[in-house]
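Let's take a friendly walk through a protein model, one contact at a time. Keep the structure in view as you read.

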Amino acid sequence: MNQEAALKKDIGLSVAMSIVIGTVIGSGIFMKPGSVLEYTGNSSLALLAWTLGGLITLAGGLTIAEVATQIPKTGGLYVYMEEVYGKLWGYLSGWVQTVIYGPAVIGALGLYFGSLIVNLFSWEKAFGLWVGIGTVLFLTIVNNFGTKYGGFVQNLFTIGKLVPIALIIVFGISQGNEQIMDASSGAFTEISMGAAILATLFAYDGWLMVGFVAGEMKNPGKTLPRAIVGGILIVMAAYLLVNIALLHVLPASEIVRLGENSAATAATILFGPIGGKLIAVGIAVSIFGCLNGKILTIPRVPFAMAERNQLPMAKVFSKVNEKYGTPIAATYLQVVIAIIMMLLTDPDYLSEMAIFAVYFFYIFAFYAVFKLRKRNAGLKQKRVYSVPLYPIIPVFAIIGSVYIVGSTILNDPADSLTAILITLAGLPVYYGLQRRSKQDSL
């Protein structure tokens, strides 16, 4: 039976919107306000950066939704790139997700979680690294026992992320008395709106998942765009309101100084030591759930690549554990790289490197909507979903992404070059595997 035909079309608008919100909201809203303020220099520009990051995300989500419905296959960005641009580009996008994006996201979340835990219990700051690594390893073991266990953890922690957000917004806005607009960050970093928007995009990350559920929607042509628009607008509103609440409780310069611990500190001011610790626990729950979701899903990319013989040791990484039905080797590949990254650098660097690396391929994924329309122009079958305001929204997504990538290269050439070189390092691996494959077939 065709897999697509077997899918039950049970998903309505409310469930689809909850999927969008659940996959996007994670750790970034609690971890990134300080970084965005530092890059922009004042609160007004910081709020503008959060807005622009949300608009780029919205345009990207609406555009990818059409690509996803035109290419209804499992694999996300990796498959879209291969279907539209050929095997080499598909491979490079998978390579970047395997060696940079996936491990960097896991590493950043692990380090953020560790930092929050040591702050919560007043432990030595250096101990945060080992808490982060231990948490990553624990969730790896949980997920390797089967997706039902990882899924159980995910469901358990999804609601937890919304509680601290709601409480900080309501009480921060109603009880704070600090200056909100045009408050100086007190930072001496060179102003860079591109770097600020890049930092917000880590908080908005996860939107690529929105097109994956199109085949299970009752009316995807109407439900999908409404879920994307509604879900991302709710996320944008939540992010802006959290930032406003934090600025109302803490001076902008203090948010920069506290970094990833600013939300927990604001909660302590609002609710006292005990209430503050409870909110900090809620924030830790949000990050823990987000990290679990990444460890559950990210290894599926190297697993898919190994199945197509596009990774060294493909036979090892394409294996599924007979008892638990999970890609254990592919999972440990991602986790080992992530732990190495955690030992070498900080979470802000990892999160920004991850988004920079993957947004280069997002540009091509957004442009794919034009190529697919041209390729399928003669087909009589009507599109299930069409991006609204075409071509304005895809063009905005492309321009916004080009701006992010370009400004990052100009403002941080050394780190950008590192990401580019790691990407290009995939080429000799690709051609080596191709050559070996030809020799094996002779």
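Start at Lys32, which forms a salt bridge with Glu352, the closest N and O atoms being 3.5 Å apart. A salt bridge here is a side-chain nitrogen of Lys or Arg within 4 Å of a carboxyl oxygen of Asp or Glu. This pair links distant parts of the chain: Lys32 sits in the loop between helix 3 and helix 4, while Glu352 belongs to helix 18, 320 residues apart. Helices are DSSP runs (H or I) of at least four residues and strands (E) of at least two, numbered from the N terminus.

Before going on, a word about the model. It is predicted, so local features need pLDDT of at least 70 and side-chain atom pairs count only at pLDDT 80 or more, while totals for chains, interfaces and linings use all residues. Residues are numbered from 1 along each chain as its sequence is written, and side-chain values use heavy atoms, with hydrogens and water left out.

Is Lys32 buried or exposed? With 0% relative accessibility, Lys32 counts as buried, and Glu352 is buried too, at 12%. Buried means under 20% relative accessible area, exposed over 50%, and partly exposed in between (1.4 Å probe, protein chains only).

Lys32 has another partner: Asp348 forms a salt bridge with Lys32, with the closest N and O atoms 3.2 Å apart. Asp348 lies in helix 18 (residues 347–375) and Lys32 in the loop between helix 3 (28–31) and helix 4 (33–40), so the pair ties together parts that are 316 residues apart in sequence.

Elsewhere, the side chains of Glu66 and Arg373 meet in a salt bridge (2.8 Å, N to O). Because Glu66 lies in helix 5 (residues 43–70) and Arg373 in helix 18, this pair ties together parts 307 residues apart in sequence. Glu66 is buried, at 0% relative accessible area, and Arg373 also counts as buried, at 16%. Salt bridges that share partners join Lys32, Asp348 and Glu352 into one network. The structure holds 5 salt bridges.

Now for the rings themselves. Rings of Phe, Tyr and Trp (its six-membered ring) pair if their centres lie within 6.5 Å; planes under 30 degrees apart count as stacked, over 60 as edge-to-face and the rest as tilted. By this rule the count comes to 20 aromatic pairs. Why is the pair of Tyr91 and Tyr430 called tilted? Their ring centres are 4.9 Å apart and their planes stand at 40°, so the pair is tilted. Tyr91 is in helix 7 (residues 87–120) and Tyr430 in helix 21 (residues 426–441), so parts 339 residues apart in sequence are tied together. Both Tyr91 and Tyr430 are buried. Tyr430 also pairs with Tyr431: the centres are 5.3 Å apart and the planes at 75°, so this pair is edge-to-face. Tyr431 counts as partly exposed, at 45% relative accessibility. Tyr85, Trp89, Phe360, Phe361 and Phe364 form one aromatic cluster.
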